[in-house]
Amino acid sequence: MKLDVEVLRYLSKDDFRVLTTVEMGMRNHEIVPAELISLIASLKHGDTYKILKNLLKHKLVHHDSSKYDGFRLTYLGYDFLAIRTLVNRGVIAYVGLQIGVGKESDIFEVATEDGTVLAMKLHRLGRTSFRAVKSKRDYLRHRSSFSWLYLSRLAALKEFAFMKALEDHGFPVPKAVDCNRHCVIMSLVQGYSLVQVRELQNPEVVFETVVGLIVRLAEHGLIHCDFNEFNIMIDDDEKVTMIDFPHMVSVSHRNAQMFFDRDVECIYKFFAKRYNLSFQDDADDKNSAESDIDEAGRPSFSSISKSSGCLDKELAASGFTRKDQDNMKKV
Ligand code: ADP
Ligand code: MG
């Protein structure tokens, strides 16, 4: 599915009215009856149909007549609703090229009216990700399209809230600009994902910085849970920025230790393989009295002091609530 924003220009107010109506209808119906759409949109029956046909042509809605004549929103339709809201709010004025494809998102360059370039992340939960399908196959089968949109919206809200909180605490993250539906607007990070970088000037320094971030996150009460070479950006000066926060959990999560160790392991493995860092030697050199380092030289979860960690509470205040978190877990 391609995000062709040209189409946005040609959509009328009534087109959006009907699209919004389909979105509203999806709160109670997986497939929104056509009758209901024309009723809520308070347009003439024939007009609603004409508009739905147009929306269908542009793949903003999906037609389903298996049980009754009805429509549901597609991800593209949801994209358009979010983009239009952000344009109306004056947050963005242009949508540019796609700059990233994640496991569960698409990233685009966007620009403000004054030409500042930003990044737009559109969350796409439910898009077939091998890992997710493998571990959550049964759930996936029973997910309605509404819940995918809903979960994508929660993922965006969570990402936005975490990005803001992390920035406030001095973490190197993109600046969170705004959020609507499943869409997050943030500053554009210069540079590349670490996975694209064959060589580093100072691999040891970058490695220390990155591992230091995992430790500092834990000290603040958080675990990234997807901390790997895809989610670490690096610029020409080898300055690190971390991205991608929808999976973060609290250090009080019952699997916290496992998630923490997995993040650490990912980084150790990647730096050993890609930049030939060897850690056994490091471990021998290490002063064994260092408390947050285990025998193998790796940060140890149990000995990290989590005293500065009350980010969980702050996050609850930022619009992403405990209830949202619980709902997301049900995926
Ligand atoms: P996913 O959750 O789907 O993995 P990510 O947030 O990791 O999504 O983004 C996917 C890719 O898009 C990243 O690996 C990166 O290359 C690019 N990207 C994401 N956010 C930004 C940003 N703020 N600036 C520049 N590139 C970005
Ligand atoms: Mg990612």
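I take a polar contact to be a pair of N or O atoms within 3.5 Å; within protein, one of the two must be able to donate a hydrogen and the other to accept it, and residues adjacent in sequence count only if both atoms are side-chain atoms. With that in hand, I looked up Asp106 and found that a polar contact of 2.7 Å joins its side chain to that of Arg124.

Before going on, I note that this is a predicted model, in which local features need pLDDT of at least 70 and side-chain atom pairs count only at pLDDT 80 or more, while totals for chains, interfaces and linings use all residues. Residues are numbered from 1 along each chain as its sequence is written, chains are lettered from A and ligands numbered from 1 in the order in which they are written, and side-chain values use heavy atoms, with hydrogens and water left out.

**Entry: Asp106**

I placed Asp106 in strand E5, where helices (H or I, at least four residues) and strands (E, at least two) are DSSP runs numbered from the N terminus. Asp106 counts as buried at 8% relative accessibility, buried meaning under 20% relative accessible area, exposed over 50% and partly exposed in between, with a 1.4 Å probe and protein chains only.

**Entry: ligand 1**

How many residues surround ligand 1? I found 20, the closest being Ser105, Lys121, Val189, Asn231 and Asp244; a residue is near a molecule if one of its heavy atoms lies within 4 Å of it. By class, this shell has 10 nonpolar, six polar and four charged residues, where Ala, Val, Leu, Ile, Met, Phe, Trp, Tyr, Cys and Pro count as nonpolar, Asp, Glu, Lys and Arg as charged, and the others, Gly among them, as polar. Strands E4 (94-101), E5 (105-111), E6 (117-123) and E8 (183-187) each supply at least two residues of the shell.

I then looked up the polar atoms around the ligand. A nitrogen atom of ligand 1 lies 2.8 Å from a backbone N or O atom of Val189. An oxygen atom of ligand 1 is 3.2 Å from an N or O atom in the side chain of Ser193, and an oxygen atom of ligand 1 is 3.1 Å from a polar backbone atom of Phe230. On its own, ligand 1 has 550 Å² of accessible area, and the protein covers 90% of this, by the Shrake-Rupley method with a 1.4 Å probe.

**Entry: the magnesium ion**

Which residues coordinate the magnesium ion, ligand 2? I found Asn231 (OD1) and Asp244 (OD), at 2.1 to 2.2 Å; donors are N, O and S atoms within 2.8 Å of the metal (3.2 Å for Na, K and Ca), and because water is not among the atoms, sites may look incomplete. Asn231 lies in the loop between strand E10 (222-223) and strand E11 (232-234), and Asp244 in the loop between strand E12 (240-242) and strand E13 (249-250), so the pair ties together parts that are 13 residues apart in sequence. Asn231 and Asp244 are both buried, Asp244 with a relative accessible area of 15%.

**Entry: positive phi values**

I also noted the backbone of Asp244, whose phi is near 75°, a positive value in a residue other than glycine. Most residues other than glycine have a negative phi. Arg181, in the loop between strand E7 (176-180) and E8, has a positive phi as well, near 50°, and it counts as buried at 18% relative accessibility.

**Entry: aromatic pairs**

A search of the whole structure gave me eight aromatic pairs, in which rings of Phe, Tyr and Trp (its six-membered ring) have centres within 6.5 Å, planes under 30 degrees apart counting as stacked, over 60 as edge-to-face and the rest as tilted. The ring centres of Phe260 and Phe301 are 5.2 Å apart with planes at 45°, so this pair is tilted. Phe260 lies in helix H9 (residues 256-275) and Phe301 in the loop between helix H10 (279-285) and helix H11 (311-317), so the pair ties together parts 41 residues apart in sequence.
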